[in-house]
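Okay, thanks for making time, everyone.

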Amino acid sequence: MPKEPELSFFQQLIAFAALAGLGGIVNYLTTLKTGKKFKWPSFFIELICSAFVGVVIGLFFISTNMPIYMALAGAGVAGHLGTRSLMMLKDKYGFKDYER
C-alpha cells in the first residue's frame, strides 16, 4: 500500500467534493441513457447535492479513522448514490427523524 498523502483538512474537503461530484456526474449521465433530456439546472443540482453528500460521508469515514484512500473512494461512491447514501447511513445507525 502506498504511503498516505499528507492533506490538510481543506484539501480533504476539496478532494471529497471533487470525487463525489464526479460520481454525481456519472449518475446524471446514466439517467440520460434512459431517454431523459439534458438540462443544465438538473445537472448542477445533481453535482452540488453529490458534492455535499460526498463531503459528509468523507468526514464520517475520516472520523472512524479510515485511511484517506478508502474515505475518498467512499466519498465517490456516496456521490454517485446521492442522498440515498445518507438515508442508508441513517438507517444503519438508527438515527430518528426529527419531529416537532
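**Starting from one glutamine**

Let me start with Gln12: setting aside neighbours within four places in sequence, Gln12 is in contact with Leu7, Ile62 and Ile68. Before I go on, keep in mind that this is a predicted model. Gln12 lies in helix H1. So is Gln12 buried or exposed? Gln12 is buried, because its relative accessible area is 15% and the cut-off for buried is under 20%.

Now let me zoom out. The chain has four helices and zero strands, and from the N terminus the elements read α-α-α-α. The C-alpha trace spans about 45 × 40 × 20 Å along its principal axes. Of the 100 residues in the chain, 29% are buried. If you take the contacts with a separation of 6 or more, 71% of them are between residues 24 or more positions apart.

Back to the helix that holds Gln12. H1 covers residues 9-32, which is 24 residues, and from first C-alpha to last it reaches 35 Å, close to the 34 Å expected at 1.5 Å a residue. Which residues of H1 are buried? They are Gln12, Phe16, Ala20, Gly21, Gly23, Gly24, Asn27 and Tyr28. Here's a reminder that helps when you read that list: an α-helix has 3.6 residues a turn, so residues three or four places apart point the same way. The cover over the buried residues of H1 includes H2, H3 and helix H4, which is 83-92.

Towards the other end of the numbering in H1 there's Leu29, also in this helix. Leu29 is partly exposed, with a relative accessible area of 43%. If you want a distance to check in your viewer, the C-alpha atoms of Leu29 and Glu6 are 33 Å apart, and the two residues are 23 residues apart along the chain.

Next, the helix pairs. H1 and H2 pack at an angle of about 135°, with their axes 7 Å apart. H1 and H2 are therefore oblique to each other, and H1 passes H2 in a right-handed crossing. On the H1 side, the contact residues include Phe9, Gln12, Leu13, Phe16 and Ala20, and on the H2 side they include Ser42, Phe43, Leu47, Ser50 and Ile62. By class, this contact has 13 nonpolar, eight polar and one charged residues.

One residue from that contact is worth a stop. Ser50 sits in helix H2. How accessible is Ser50? Ser50 is buried, with a relative accessible area of 1%. Not counting residues up to four places away in sequence, Ser50 touches Ala20, Gly21, Gly24 and Gly79. Two of the residues on that list, Ala20 and Gly24, also turn up among the H1 residues that meet H3, and Gly79 is one of the H3 residues in that contact.

So, H1 against H3. Their axes come within 6 Å and cross at roughly 35°, and the crossing is right-handed. From H1 we have Gln12, Ala15, Phe16, Leu19, Ala20, Gly23, Gly24, Val26 and Asn27, and these meet Ile68, Ala71, Leu72, Ala75, Gly76, Gly79 and His80 in H3.

The last pair is H3 and H4. Their axes come within 5 Å and cross at roughly 110°. H3 and H4 are therefore roughly perpendicular to each other. Ala78, His80 and Leu81 in H3 meet Thr83, Arg84, Ser85 and Met88 in H4. That contact divides into three nonpolar, three polar and one charged.

One backbone detail before I stop. Most residues other than glycine have a negative phi. Where does Asn65 lie? Asn65 is in the loop between helix H2 (40-63) and helix H3 (68-81). Phi of Asn65 is near 60°, a positive value in a residue other than glycine. Asn65 is exposed, with a relative accessible area of 71%.

Technical notes
Residues are numbered from 1 along each chain as its sequence is written. This is a predicted model: local features need pLDDT of at least 70, side-chain atom pairs count only at pLDDT 80 or more; totals for chains, interfaces and linings use all residues. Side-chain values use heavy atoms; hydrogens and water are left out. Buried means under 20% relative accessible area, exposed over 50%, partly exposed in between (1.4 Å probe, protein chains only). Axes are lines fitted to C-alpha atoms, for helices over the stretch in contact, and angles run from 0 to 180 degrees between N-to-C directions. Angles under 35 degrees count as roughly parallel, over 145 as roughly antiparallel, 65 to 115 as roughly perpendicular and the rest as oblique. A crossing is left-handed if the near helix is turned anticlockwise from the far one by less than a right angle, and right-handed if clockwise. Contact means heavy atoms within 4.5 Å. Ala, Val, Leu, Ile, Met, Phe, Trp, Tyr, Cys and Pro count as nonpolar, Asp, Glu, Lys and Arg as charged, and the others, Gly among them, as polar. The expected span of a helix is 1.5 Å times one less than its number of residues.
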